Amino acid sequence: MKLMMILPALALAGCTTPSFQGLFDADPAPAVAAPAPTLDPTPPPPPSVTAVTVEQFDTTTAEDRAAAVATTAPAGDRTLGTTIASLGSPSEPGIWLKTPLVTALASGRVAYQGKTINIELRPSGGAPGSGSQISLAAMRLIEAPLTALPEVTVFAGP
């Protein structure tokens, strides 16, 4: 019985040992990720850490959006295929699609329900057929619901 009374005191005394230091501290600040490689010489800034709305997360400029929707199919454009796209990380700015359909950064286009936009194609490293991720700005430009899994047709530039 006396042993049962001593065990909690010993357990609490162990909390001061170095192996338990920091166990109950607040979580450290999250590490800031390096920006993703991009073809854009002046990429949009990342969203503020206090961003909560779609507008606050979408940091693309009006000029970026206008350039994305100004689509004329260039000669030599080729279809890479179709892919199911989920919403990518809203903290990654820009108009991009991470897809297993490419192995290197490239300029291209995506089409969805009659809307076509210019987009940066980024390799996802996934297996063929594993699906893609599309940026928040691109989802807004093709007017796909943010909670949807749109099937998009992907084109590579010449």
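Gln 113 sits in the loop between strand 3 and strand 4. Helices (H or I, at least four residues) and strands (E, at least two) are DSSP runs, numbered from the N terminus. This is a predicted model, in which local features need pLDDT of at least 70, side-chain atom pairs count only at pLDDT 80 or more, and totals for chains, interfaces and linings use all residues. Residues are numbered from 1 along each chain as its sequence is written, and side-chain values use heavy atoms, with hydrogens and water left out.

Most residues other than glycine have a negative phi. Gln 113 has a positive phi, near 45 degrees. Gln 113 is exposed, at 69% relative accessibility. Here buried means under 20% relative accessible area, exposed over 50%, and partly exposed in between (1.4 Å probe, protein chains only). Glu 143 also has a positive phi, of about 60 degrees, and is not a glycine. Glu 143 lies in the loop between helix 4 and strand 6. Its relative accessible area is 56%, so Glu 143 counts as exposed.

## Strand pairing

Strand 6 (residues 151-156) pairs with strand 1 (residues 78-87). The two are antiparallel, with six bridges. Pairing requires at least two DSSP bridges between two strands. Ile 84 faces Glu 151 of strand 6.

Strand 3 (residues 106-112) also runs antiparallel to strand 6, through four bridges. Gly 108 is opposite Ala 156 in strand 6.

## The nonpolar core

The largest nonpolar core holds 19 residues. Such a core is a set of buried Ala, Val, Leu, Ile, Met, Phe, Trp, Tyr and Cys residues joined through side-chain atoms within 4.5 Å. Among the residues with the most contacts inside this core are Ile 95, Val 110, Ile 119 and Ile 142. Strand 3, strand 4, helix 4 (136-141) and strand 6 each give two or more residues to this core. Helix 4 gives the most, with four.

## A buried arginine

Arg 122 belongs to strand 4 (residues 115-123). Arg 122 is buried, at 7% relative accessible area. Its side chain makes polar contacts with two glutamate side chains: Glu 120 at 2.8 Å and Glu 92 at 3.4 Å. A polar contact is a pair of N or O atoms within 3.5 Å; within protein, one must be able to donate a hydrogen and the other to accept it, and residues adjacent in sequence count only if both atoms are side-chain atoms.

Beyond its neighbours within four places in sequence, Arg 122 is in contact (heavy atoms within 4.5 Å) with residues including Ala 36, Pro 37, Thr 38, Trp 96 and Leu 105.
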